[in-house]
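Have the model open while you read.

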Amino acid sequence: MGNPTVTRPPQPWTAPTATEPVTASVRLPGSKSLTARALVLSALATGPSTLAGPLRARDTELMAGALRALGTHVSTSDDERWLVRAHRLVGPAHVDVGLAGTVLRFVPPIAGLAEGRITFDGDPQARRRPLGPLIGALRSLGVRVDAPPTGSLPLTVLGAGRVTGGEVVLDASASSQLVSGLLLVGARFDRGLVVRHVGPPVPSAPHLRMTVQMLRAAGVAVDDTTPDVWAVEPGPLTGRGWEIEPDLSGALPFFAAALVTGGEVTLQGWPHHSAQPIEQLRTLLQRMGGEVTVTAAGLTVRGTGRVHGLDADLSEVSELTPVLTALAMLADSPSRFTGVAHIRGHETDRLAALAREFTALGADLTEAADGLEIRPRPLRGGVFRTYHDHRMAHAAAVAGLAVPGVEVDDAGCTSKTMPEFPALWSALVTNKS
């Protein structure tokens, strides 16, 4: 017998501290949200599709693998151009969702259209991510789903090859992905689909608008004129070429570096018209002391070296909360963030994790039910735990710009959406990018 494999914990990564203003022009990977939706729509389309500039990261590789498991041809051999050809959806198959919310919530509705048994499981933390409303919605549409009473992973979809469709009511206040997952597949249901949300507001509304916009681009008729109601007409989806924009959420740490250091960072390849929430981000950065411009060169953020606190409802841009919290720690006045109770169900309980880890570095902040209150004061170095959450690593990196000795326990978790983040970040801070 050979020796058992020993799994060693990752080595801490010391976040680099800036000694001068950061000035850089960076080209970042494609948007995770756009890449995931384009893959799903392509797998359901008639005719081939291509994705130009897709994100290659753990989440999108898991999505590609899930669609392959169901019979779709997905070629990712060319980093810059992926090819997708739809085929009949069949089981038996197993889908590894990892820790990807998109795979967790977008693929089970597709499995309802497959013929056969499709099982789902993922990382231990994925079993705690909200899924119950989607399971209930699929069951109400006649899809057979076996799942624990907790409404979570592991689950099995017993696909019949078709779904009648109709109207479904659910509470999607835990995640907009619960609605998007249904909408993306609704046109393939015999009678189409009407999704009606009942409950507290759906968070991350820009992601829902992105879903609707991309459905229409694929030839699907969607009526979203009634608040909290989305009606998808039955019909074919058209294969097409998708141009994937740079990832705006992933760009925020780099823009934050401009604010903290009084530098200038340009994100290359930014489109004139975006499906991502650029206006919300622009407003937040300006309120915190930045200047934001869009030119032919890209999206540029300039800072003065002074960061201002702000009071903001982040419900539409909750992915930005960790990095904005790090910025608020370095601001010249207090901040209050609200509207993000749902991020307790993300990769980790982000509110609790941010409060715990920044407090360990000497911060003065209060965790509220739906947000955080931050009162800036000098921080000290120390180990910052990520809880396998890429956004926590981004927050630690931003804090480390001004605080020597911030050690990220697992920078490798950034592979979820940007495997090259540690190298890109180090090059940026040392002005070698």
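Arg-391 lies in helix H11 (residues 390-400), a helix being a DSSP run of H or I of at least four residues. This is a predicted model, where local features need pLDDT of at least 70, side-chain atom pairs count only at pLDDT 80 or more, and totals for chains, interfaces and linings use all residues. Numbering runs from 1 along each chain as its sequence is written, and side-chain values use heavy atoms, with hydrogens and water left out.

Q: Why is Arg-391 called buried?
A: Buried means under 20% relative accessible area (1.4 Å probe, protein chains only). Arg-391 has 4%, so buried is the word.

Q: What makes Gln-177 count as buried?
A: Its relative accessibility is 15%, so Gln-177 gets that label too.

Q: What makes the link between the side chains of Gln-177 and Arg-105 a polar contact?
A: The cut-off is a pair of N or O atoms within 3.5 Å, where one must be able to donate a hydrogen and the other to accept it. The two side chains make such a contact at 2.5 Å.

Q: Which residues does Arg-391 contact, leaving aside neighbours within four places in sequence?
A: Asp-247, Ser-249, Gly-250, Glu-319, Pro-322 and Arg-350, with contact meaning heavy atoms within 4.5 Å.

Q: Which binding site residues does UniProt place here?
A: The unreviewed UniProt entry puts "binding site" at Lys-32, Gly-101, Arg-129, Gln-177, Arg-350, Arg-391 and Lys-416; such annotations may be inferred rather than shown by experiment.

Note on methods: Buried means under 20% relative accessible area, exposed over 50%, partly exposed in between (1.4 Å probe, protein chains only). Helices (H or I, at least four residues) and strands (E, at least two) are DSSP runs, numbered from the N terminus.
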